[in-house]
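Here is a friendly walk through one protein chain. Take a moment to look at the sequence and the structure, and then read on.

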Amino acid sequence: MMWGYGQGMGWMWLWTLLLLIGIALLVLLAVRVFGGGVRNNGYGPPGPQGPGAPPPVGGSRARQILDERFARGELTADQYRENLKVLGEGP
């Protein structure tokens with residue numbers, strides 16, 4: 001008795017290979033979905049701005065530093081406005 005292993009056994013390696021490839025793709029998909037997705041490598045929309053990131057479009061690094069110093073309380077509101085005028089970005 002052959003128990004169904006007759007002529008179809010020759011193709012069994014193909015189904016095993018397809019199953020392993022499918023499992024690998026599912027694992028890859030799960031890692032991307034639950035691991036935070038694809039990191040920004042210069043393509044696509046920009047990610048959040050970090051400390052070493054370039055200044056946003058339309059702003060300058062000097063303005064960014066000034067904003068940070070004002071947020072930390074190193075400058076008063078009057079000093080902040082005066083420095084904005086010096087930079088040419090204030091009223």
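Predicted model: local features only at pLDDT ≥ 70, side-chain atom pairs only at ≥ 80, totals over all residues.

Aspartate 67 is partly exposed at 30% relative accessibility, and arginine 63 is partly exposed at 24%.

Another group to look for is a network of salt bridges that links Arg69, Arg72 and Glu74. Glutamate 74 pairs with arginine 69, with the closest N and O atoms 3.0 Å apart. Glutamate 74 also forms a salt bridge with arginine 72, again with 3.0 Å between the closest N and O atoms. Glutamate 74 has a relative accessible area of 44%, so it counts as partly exposed. Arginine 69 is partly exposed at 33%, whereas arginine 72 is exposed at 54%. The count of salt bridges comes to 4.

The model holds 1 aromatic pair. The rings of phenylalanine 70 and tyrosine 80 have their centres 4.5 Å apart and their planes at 25 degrees, so they are stacked. This pair links distant parts of the chain: phenylalanine 70 sits in helix H2 (residues 61-72) and tyrosine 80 in helix H3 (residues 77-87), 10 residues apart.

Phenylalanine 70, at 35%, is partly exposed.

The side chain of aspartate 78 makes a polar contact of 3.0 Å with the side chain of arginine 81. With 56% relative accessibility, aspartate 78 counts as exposed.

## A nonpolar patch

Trp11, Met12, Trp13, Trp15, Leu17, Leu18, Ile21, Leu25 and Leu28 make a nonpolar patch of about 1,000 Å². One of these residues, leucine 18, lies in helix H1 (residues 12-34). Leucine 18 is partly exposed, with a relative accessible area of 44%.

## The chain as a whole

Stepping back, the protein chain has 3 helices and 0 strands, and its pattern along the sequence reads α-α-α. Of its 91 residues, 5% count as buried. The accessible surface of the chain comes to about 8,100 Å², and 67% of that belongs to carbon and sulfur atoms.

Conventions: Residues numbered from 1 in each chain as written. Heavy atoms only, no water. Patch = residues over 30% accessible without salt bridge, like charges linked within 9 Å, V, L, I, M, F, W, Y side chains within 5 Å. Areas by Shrake-Rupley, 256 points an atom, 1.4 Å probe, with all protein chains shown as cover. Salt bridge = Lys/Arg side-chain N within 4 Å of Asp/Glu carboxyl O. Helix = DSSP H or I, 4+ residues; strand = E, 2+ residues; numbered from the N terminus. Buried < 20%, exposed > 50% of the residue type's maximum accessible area, 1.4 Å probe, protein only. Phe/Tyr/Trp six-rings, centres within 6.5 Å; stacked < 30°, edge-to-face > 60°. Polar contact = N/O pair within 3.5 Å; in protein donor to acceptor, adjacent residues only side chain to side chain.
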